[in-house]
Amino acid sequence: MPPDFTPLRTARLILRPLALEDAAPLHRLVNDWEVAKTLARVPFPYPRELADEWIASTWVQMAEGEAWHLAIEAAGTLVGCVGLTLDRPGGGQPGGPPGGKGAELGYWVGRPSWGQGLAPEAAGALSRWAIESLGLSTIHASALRDNLRSQAVLRRIGLQPAGEAMQPFLSRGGPMPVLLFRGGKAELQAAVPPKPVVLVAAVALIDPDGRILLAQRPPGKPMAGLWEFPGGKVDPGETPERALIRELKEELDIDVTEACLGPFTFASHAYEKFHLLMPLYLCRRWGGQVRGMEGQTLAWVRPQKLAEYPMPPADVPLVAMLRDFL
Ligand SMILES: Nc1nc2c([nH]c(=O)n2[C@H]2C[C@H](O)[C@@H](COP(=O)(O)OP(=O)(O)OP(=O)(O)O)O2)c(=O)[nH]1
């Protein structure tokens, strides 16, 4: 039985325990000289039964807290494996840490999925998870001296060169020269690509009764159904004020001037795929009648009632500030 393990998710991948059904595709992908020749512990040819045995052994190792070998799944298909094996105390593995808890990282991606950056995505995610959840101080790994692609993967996830060694390779029938890599939490974190910052301008339109206009995000959009302040993304080269004037005309058919947009506060919020930076303006004067031009539902809401409207997480602190201010 596969052990209980909450799969790790990345932008494109799911890292989950191997299942018996993975044996056939795993065998097909790893029984490929181009893959097997880079792996120290994989024989070539790779017997079909070994796939079943290997999968069962990963369950035992995970249950015992010795190693975490996971399937790399992309769009519902097994594309490779990634694993971490804890160093045995006093094991003195080449490249292993002098003190603290360490683990050796290994991975492979089947040939059909090469060239898409899946190996660093999987290896980085598992390594960062292990540092956080298993309390590891170091991750180490090795790559054949002539395997530049794998060395690039290790560098990309933040591991640093840590010397050279000879390592036995089952597929090569003897020891081979490898480069060693190692890194801790700081190195792994520093290598995480920053999220793009998305600049969105938004406004709290306030009517003569002191009510604020909220618009409901339409179905099909991210965060559909949540209520938000009118506004939208600032185009390259545009100021937030110009963007708001444009968006308010497009979305609500009203005319606003820059002089009527008073800067109030801003949201700075980490969404999963981007970091939102959203200045929020106040506006009490505009030309024309507010009407939803994009079929969006609108609501004029008293400040005390704002909390009853579910809003994107970035807006929650803004609502509290508005309530206090108005
Ligand atoms: N207008 C507005 N956007 C908000 C608020 N809170 C919040 O997190 N956002 C987010 C949702 C969106 O990711 C982004 C606004 O972008 P947008 O409205 O131009 O774009 P969108 O995601 O609806 O659609 P698209 O242009 O990507 O197709 O800012 C808010 O109060 N008002």
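Colleague: Which of the 14 residues around the ligand come nearest?

Modeller: This is a predicted model, and in it Glu228, Gly231, Gly232, Pro312 and Ala314 come nearest to the ligand, out of 14 residues around it.

Colleague: How do the residues of the shell divide into nonpolar, polar and charged?

Modeller: The shell around the ligand holds eight nonpolar, two polar and four charged residues.

Colleague: Which strands each supply at least two residues of that shell?

Modeller: Strand 9 (197-205) and strand 12 (231-233) do. Strand 12 gives the most, with three residues.

Colleague: In which sense do strand 13 and strand 14 pair, parallel or antiparallel?

Modeller: Strand 13 and strand 14 (residues 275-283) pair in the antiparallel sense, over eight bridges.

Colleague: Now a helix pair. At what angle do helix 1 and helix 3 pack?

Modeller: For a helix pair, take the angle and the axis distance together. Helix 1 (residues 23-30) and helix 3 (residues 48-63) pack at about 120°, and their axes are 9 Å apart. Helix 1 is therefore oblique to helix 3. The crossing in which helix 1 passes helix 3 is right-handed.

Colleague: Which residues in helix 1 and helix 3 meet?

Modeller: From helix 1, Ala23, Leu26 and His27 meet Arg48, Ala51, Asp52 and Ile55 in helix 3. The residues of this contact divide into four nonpolar, one polar and two charged.

Colleague: What is the strand order in the sheet of eight strands?

Modeller: The order is 1-2-3-4-5-6-8-7, in an open sheet with mixed pairing. Strand 1 (8-9) and strand 7 (160-169) stand at the edges with a single partner strand each, so one side of each has no neighbour in the sheet.

Colleague: How many bridges join strand 1 to strand 2?

Modeller: Two bridges join strand 1 to strand 2 (residues 13-17), and the two strands run antiparallel. Arg9 stands opposite Ile14 in strand 2.

Colleague: Which strands does helix 4 lie across?

Modeller: Helix 4 (residues 118-133) lies across strand 1, strand 2, strand 3 (67-74), strand 4 (77-86), strand 5 (102-109) and strand 6 (138-144). Relative to strand 5, helix 4 runs at about 155°.

Colleague: What should I expect of phi and of peptide bonds in general?

Modeller: Most residues other than glycine have a negative phi, and most peptide bonds are trans. In this model, Ala75 has a positive phi of about 50°, though it is not a glycine. Ala75 lies in the loop between strand 3 and strand 4.

Colleague: Is the peptide bond from Phe44 to Pro45 cis or trans?

Modeller: The bond from Phe44 to Pro45 is cis, with omega near -5°. Pro45 is in the loop between helix 2 (33-36) and helix 3.

Methods
Residues are numbered from 1 along each chain as its sequence is written. This is a predicted model: local features need pLDDT of at least 70, side-chain atom pairs count only at pLDDT 80 or more; totals for chains, interfaces and linings use all residues. A residue is near a molecule or strand if its C-beta atom, placed from the backbone, lies within 6 Å of it. Helices (H or I, at least four residues) and strands (E, at least two) are DSSP runs, numbered from the N terminus. Ala, Val, Leu, Ile, Met, Phe, Trp, Tyr, Cys and Pro count as nonpolar, Asp, Glu, Lys and Arg as charged, and the others, Gly among them, as polar. Two strands pair if DSSP finds at least two bridges between them. Axes are lines fitted to C-alpha atoms, for helices over the stretch in contact, and angles run from 0 to 180 degrees between N-to-C directions. Angles under 35 degrees count as roughly parallel, over 145 as roughly antiparallel, 65 to 115 as roughly perpendicular and the rest as oblique. A crossing is left-handed if the near helix is turned anticlockwise from the far one by less than a right angle, and right-handed if clockwise. Two residues are in contact if their C-beta atoms, placed from the backbone, lie within 7 Å.
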